[in-house]
Amino acid sequence: MSRRLGLLLTFAVCAVPARAATPVIEIEIRDHLFLPSEVRVPAGQKIKLVVYNRDPTPEEFESYELNREKVVMGSSKAVIFIGPLKPGEYPFFGEFNPKTAQGIVIAE
Amino acid sequence: MLLTSVIFVLREVLEAALLLSLLLSLSKRLSIVSSWAFIAIVTGILGAAVYGFNIDIVSEWFEGVGQEVVNAALQMAIYVLLCIVAILAMRRHQDRPVSENVLAVVMAISVALAIVREGSEVMIYLSGFLQARDLLVPVLAGSAIGAGIGVSAGAVFYYSLLSLKRRAAVIVGGLLLSLVAAGMAAQVAQLLIQADWLPSQYPVWDSSWLVEENSVSGQLLYALIGYESTPTPLHLIVHLSSFVIIIFLAMAAGRSGTASLENAHA
């Protein structure tokens with residue numbers, strides 16, 4: 001059982017070809033807003049998102065479309081890997097302040 | 001602000017509440033004293049506070065993906081504990097000697113860990129409003145309402161499970177336990193993909209047109225079966241295989257029981 005699972009996992013790992021350096025995108029949180037609130041990223045590629053929280057209060061980066069969720073403490077940063085994405089729009093929001101903290105990733 | 005905190009806390013509480021109700025009903029069926037649940041809730045909340053207030057340190061670990069790794073470890077531990085629960089519960093169901101204490105301890109640890117995982121986010125959320133005096137009261141009120149709804153949903157779930165007949169309860173309870181456990185394991189994959197410890201891939205499908213993850217049904221399905229509208233191949237493999245593994249373990253425990261009973265009669 002476990003050997004078969006291991007084999008499957010190996011296949012899954014090999015299915016993703018190695019790529020050159022991962023592009024890094026930086027976003028800031030200020031006054032419960034994402035800056036910039038719209039980020040354009042290359043489609044079909046893994047992206048390293050670095051979220052700097054400049055507020056003293058914690059925030060949670062959340063996106064159903066990107067399938068991501070991560071706490072970013074006040075005055076600190078968080079690294080979140082996203083993608084590869086098909087071309088399209090992927091909204092994200094701050095779960096602790098969802099009315100103001102809204103943003104979108106546009107893959108193209 | 002009030003509504004935001006109701007929804008946020010409800011989301012966090014729901015998963016742990018459903019797991020607790022499921023195990024409590026199981027414990028009642030197997031005539032195990034349910035005091036373990038109280039200890040699990042108290043230690044879970046204490047653990048959530050400790051974890052929540054140290055999350056900035058944890059986040060720094062493993063080049064900034066400490067949160068994902070620790071959460072994945074918590075989820076994995078819960079999955080393994082639920083596999084043990086499935087095996088022991090099956091044995092006890094067949095009236096074979098299984099220590100009541102061992103089962104109670106395993107269930108207690110799994111619930112406590114689930115509360116640590118979900119509760120820590122609530123602690124972090126609330127900590128953000130400690131300085132904001134004008135918002136603190138509505139946020140606390142909203143959180144209490146959200147927690148109340150989550151606990152009520154758990155209670156409804158608990159009594160529905162207890163109302164089932166014995167045979168149906170074994171099948172439905174066992175199936176739900178396996179689904180919840182597999183959902184926990186799937187989150188391990190999800191978290192490690194986010195941390196870039198496991199490869200990221202294109203999703204296999206997008207079922208958000210059918211059930212949106214942020215809808216009420218989406219949230220319930222997430223808490224129950226780990227519903228994910230855009231799963232990647234790896235996520236699916238882990239989800240399905242962990243479901244098969246726990247079912248297999250429970251059935252193997254059941255089968256060996258039947259065999260030994262037959263031997264005893266012979």
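Helices (H or I, at least four residues) and strands (E, at least two) are taken here as DSSP runs, numbered from the N terminus. The structure is a predicted model, in which local features need pLDDT of at least 70 and side-chain atom pairs count only at pLDDT 80 or more, while totals for chains, interfaces and linings use all residues. Residues are numbered from 1 along each chain as its sequence is written, and chains are lettered from A and ligands numbered from 1 in the order in which they are written.

Most residues other than glycine have a negative phi, and most peptide bonds are trans. In chain A, a cis peptide bond with omega of about -10° links A:Leu35 to A:Pro36, and A:Pro36 is placed in the loop between strand E2 (33-35) and strand E3 (38-41). A cis bond also runs from A:Gly83 to A:Pro84, with omega near 5°, and A:Pro84 belongs to the loop between strand E7 (76-82) and strand E8 (88-94) of chain A.

In chain B, B:Ser31, although not a glycine, has a positive phi of about 45°; this serine lies in the loop between helix H1 (2-29) and helix H2 (35-53). A residue is termed buried if 20 or more other C-beta atoms, placed from the backbone, lie within 10 Å of its own, exposed if 12 or fewer do, and partly exposed in between. B:Ser31 is exposed because 9 other C-beta atoms lie within 10 Å. B:Asp196, likewise not a glycine, has a positive phi near 70° and is found in the loop between helix H7 (166-194) and helix H8 (216-225) of chain B; with 18 C-beta neighbours inside 10 Å, B:Asp196 counts as partly exposed.

When neighbours within four places in sequence are left aside, B:Ala181 is in contact (C-beta atoms, placed from the backbone, within 7 Å) with B:Tyr79, B:Leu82, B:Cys83, B:Ser242 and B:Ile246.

Helix H4 (residues 66-93) and helix H5 (residues 100-127) of chain B pack with their axes 9 Å apart and at an angle of about 155°, which means that H4(B) is roughly antiparallel to H5(B), a term for angles over 145 degrees. Axes are lines fitted to C-alpha atoms, for helices over the stretch in contact, and angles run from 0 to 180 degrees between N-to-C directions. Among the residues making the contact are B:Leu82 and B:Val85 of H4(B) and B:Val106 and B:Leu113 of H5(B).

Notes: Two residues are in contact if their C-beta atoms, placed from the backbone, lie within 7 Å. Angles under 35 degrees count as roughly parallel, over 145 as roughly antiparallel, 65 to 115 as roughly perpendicular and the rest as oblique.
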